[in-house]
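Please open the model in a viewer and keep the sequence panel at hand.

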Amino acid sequence: METFSAIPRSRKRFVRRFAPLAIVAAGLFAAIAAPVPASASTTQTVVHTAKNSQYGTILVTTKGFALYTYSKDTKNHSSVTGQLLAFWPALVVRAGVTPVGTHVTGLSVMTRSNGQHQVTFDGKPLYLFVTDTKAGQVTGQGVNGFTVAKVGSSKVTSTSSAGGRGGG
């Protein structure tokens, strides 16, 4: 068994820097994105709409966290894996649950390669962003091909001309 002292110094630095962030993010998103146990009904409200002064009416979780789509995803297929998934957790529900939303139509479920059931909006998989740490924040707009999910349009558009962070 490899001990911590046998790990190369550069890897130790990486672990010391990013392990706390990963632990905090995992705990935060376990509370935010974890599916609520299904009741006798097979439907579950997982999405609401919210007015945003910059982006209009956007999709949010039931706790008010912004939801995003990814430009490289295709209908009912996610391209977000590995490290990218660590920063952009999928919005998932338990198997057999039909997601519903308040003032939202077009929600469905697709099965990810790991077997999780990810919520989609008009066929586009939905994600959260780890830097959105409180309800109402939209810090992921235009970051790495992700855009905030808007009601009335599942088109992926970026308000950032440089492809970097749009306001929020």
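Strands are DSSP runs of E with at least two residues, numbered from the N terminus, and two strands pair if DSSP finds at least two bridges between them. The model is predicted: local features need pLDDT of at least 70, side-chain atom pairs count only at pLDDT 80 or more, and totals for chains, interfaces and linings use all residues. Residues are numbered from 1 along each chain as its sequence is written, and side-chain values use heavy atoms, with hydrogens and water left out.

Select β1 (residues 43–52) and β5 (residues 98–101): these strands run parallel and are joined by four bridges. Within this pair, Thr45 stands opposite Val100 of β5.

Now turn to the largest nonpolar core, which has 16 residues. Such a core is a set of buried Ala, Val, Leu, Ile, Met, Phe, Trp, Tyr and Cys residues joined through side-chain atoms within 4.5 Å; buried means under 20% relative accessible area (1.4 Å probe, protein chains only). Ile58, Tyr68, Trp88, Tyr127, Val138, Phe146 and Val148 touch the most other members. At least two residues of this core come from each of β2, β3 (68–70) and β9 (146–148). A second, separate core of 15 residues includes Leu67, Val104, Phe121 and Leu126.

Finally, centre on Phe146 in β9. Phe146 is buried, with a relative accessible area of 0%. Its contacts (heavy atoms within 4.5 Å) include Val80, Leu84 and Gly140, not counting residues up to four places away in sequence.

Conventions: Buried means under 20% relative accessible area, exposed over 50%, partly exposed in between (1.4 Å probe, protein chains only).
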